Amino acid sequence: MNLSFDRLGLTLPLLQAPMAGVSTPAMAAEIGKAGGLGAIALGASDTAAASAMIAETRTRTDRPFNVNLFVHAPPRRDPVVEADWCAALRPAFAAKGAEPPRELRAIYPSFAGDDAMLAMLIAARPAVVSFHFGLPDAARIAALKAAGCLLLASVTSLAEAQAAVRAGIDMLVAQGYEAGGHRGVFDPDTPDDRLGTLALTRLLAVRSGRPVIAAGGIMDGAGVSAALSLGAVAAQLGTAFIACPESAADAAYRAALMGEGAAHTVMTRVISGRPARCLPNRFTALGEAITARVPDYPVAYDAGKALNAAARARGEHGFGAQWAGQGAPLARAMPAADLVWLIAGEMRR
């Protein structure tokens with residue numbers, strides 16, 4: 001185990017991915033109980049909700065856990081692009097007896113400018129803070145380090161890893177292209193080399209100068225062991241925990257995860273405005289047919305969530321953000337702690 005992890009008291013080099021809308025305080029607590037590092041996702045929460053989530057997690061466990069933040073660039077607002085996008089989605093809304101939003105909103109603030117969230121975190125002093133979509137400025141990083149937080153950042157390339165190292169990030173989450181959910185690229189409009197977990201993990205283990213956590217497509221003990229053999233100090237698993245009872249995934253999401261579509265995940269930006277790997281559904285199919293430019297994240301997500309709500313009101317569950325990685329067919333439905341213990345046994349074998 002790496003020295004950075006030693007202070008966390010982990011008995012297993014396994015992290016639960018902080019999945020917004022899926023991970024819960026109960027999940028984080030159970031994974032911590034089993035010897036891994038649980039996580040809660042704060043990127044889609046305001047400061048009050050984030051504080052409440054941290055407090056709830058602490059009532060469930062005395063183990064350390066990771067809190068995750070979105071550090072995306074401010075969306076470029078373009079009324080024409082947004083109007084065209086709503087017009088492109090109008091037939092899908094009409095089929096559900098609804099209208100697109102009259103005006104789209106940037107529904108998730110970025111931690112890059114969220115002073116209230118920073119102040120709350122400094123007071124709460126979580127053991128681990130992680131970043132997705134980019135890096136906060138030097139002052140925020142210094143403040144969190146002064147509060148005793150171990151800092152992690154998702155990276156998808158050597159260049160992003162080097163930027164994280166220069167910024168003072170303690171450990172790198174090497175997110176391979178196989179990973180479910182939102183791609184962690186710092187700039188979604190620049191070319192993406194789409195490095196897989198194997199290549200990226202080994203590259204960063206050799207070249208980054210920081211401890212590396214492998215993420216993407218890892219579902220069992222064999223996958224964790226493979227990541228460690230590549231030089232990673234731990235593996236981060238997300239899709240593996242979606243089917244657990246502690247997950248907030250709804251019944252339709254769970255059914256889709258266990259269905260044939262699990263073997264055919266797709267990378268799409270139509271749902272939120274950023275590339276994200278999803279189970280194939282009505283929304284991903286719709287996105288393939290639309291030629292209009294997708295507004296920036298998270299503005300497009302405002303429309304996506306409205307369409308999903310309209311569909312659900314009619315009993316249709318094919319427009320949700322059913323994120324999943326390429327290892328989805330290996331998902332197992334069991335309590336989170338039992339799954340961690342099972343993975344530990346698989347590693348020993």
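Analyst: A definition comes before the sheets: two strands pair if DSSP finds at least two bridges between them. Please note also that this is a predicted model.

User: With that settled, in what order do the eight strands of the open sheet run?

Analyst: The order is β1-β9-β8-β6-β5-β4-β3-β2, and the pairing is parallel. The edge strands, β1 (14-16) and β2 (38-41), each pair on one side only. On average, neighbouring strands of this sheet are turned by 25° against each other, direction ignored.

User: How many bridges join β2 to β3?

Analyst: Four bridges join β2 to strand β3 (residues 65-70), and the two run parallel. Alanine 39, for instance, has asparagine 66 in β3 as its bridge partner.

User: And what is the order of the three-strand sheet?

Analyst: That open sheet has the order β7-β11-β10, with antiparallel pairing.

User: Why is one side of β7 and of β10 left without a neighbour in the sheet?

Analyst: β7 (181-182) and β10 (266-268) stand at the edges and have a single partner strand each, so one side of each lacks a neighbour in the sheet. β10 is joined by three bridges to strand β11 (residues 276-278), in an antiparallel arrangement. Threonine 268 stands opposite alanine 276 in β11.

User: Changing topic: at what angle do α2 and α13 pack?

Analyst: Helix α2 (residues 25-33) and helix α13 (residues 336-348) pack at about 35°, with their axes 8 Å apart. Their crossing is right-handed.

User: Which residues meet there?

Analyst: From α2 come Glu30, Ile31 and Lys33, which meet Ala336, Ala337, Val340 and Trp341 of α13. By class, this contact has five nonpolar, no polar and two charged residues.

User: Now the voids. How many cavities of 30 Å³ or more does a search of the whole structure find?

Analyst: The search finds two.

User: What lines the largest cavity?

Analyst: Its lining consists of Leu42, Gly43, Ser45, Leu69, Phe70, Pro109, Ser110, Phe111, Asp114 and Met117. Six of these residues are nonpolar, three polar and one charged.

User: And which residues line the second largest cavity?

Analyst: Arg76, Asp78, Val81, Glu82, Arg293, Pro295 and Asp296 line the second largest cavity. By class, that lining has five charged, two nonpolar and no polar residues.

Terms used:
Residues numbered from 1 in each chain as written. Predicted model: local features only at pLDDT ≥ 70, side-chain atom pairs only at ≥ 80, totals over all residues. Heavy atoms only, no water. 1 Å grid on protein atoms, 1.4 Å probe; cavity = no way out; pocket = protein on both sides within 12 Å on 5 of 7 lines; lining within 4 Å. Points joined across faces, edges and corners; volume = space filled by probe spheres on them. Nonpolar A, V, L, I, M, F, W, Y, C, P; charged D, E, K, R; others polar. Axes fitted to C-alpha atoms, helices over the stretch in contact; angles between N-to-C directions. Left-handed = near helix turned anticlockwise from the far one by under 90°. Contact = heavy atoms within 4.5 Å.
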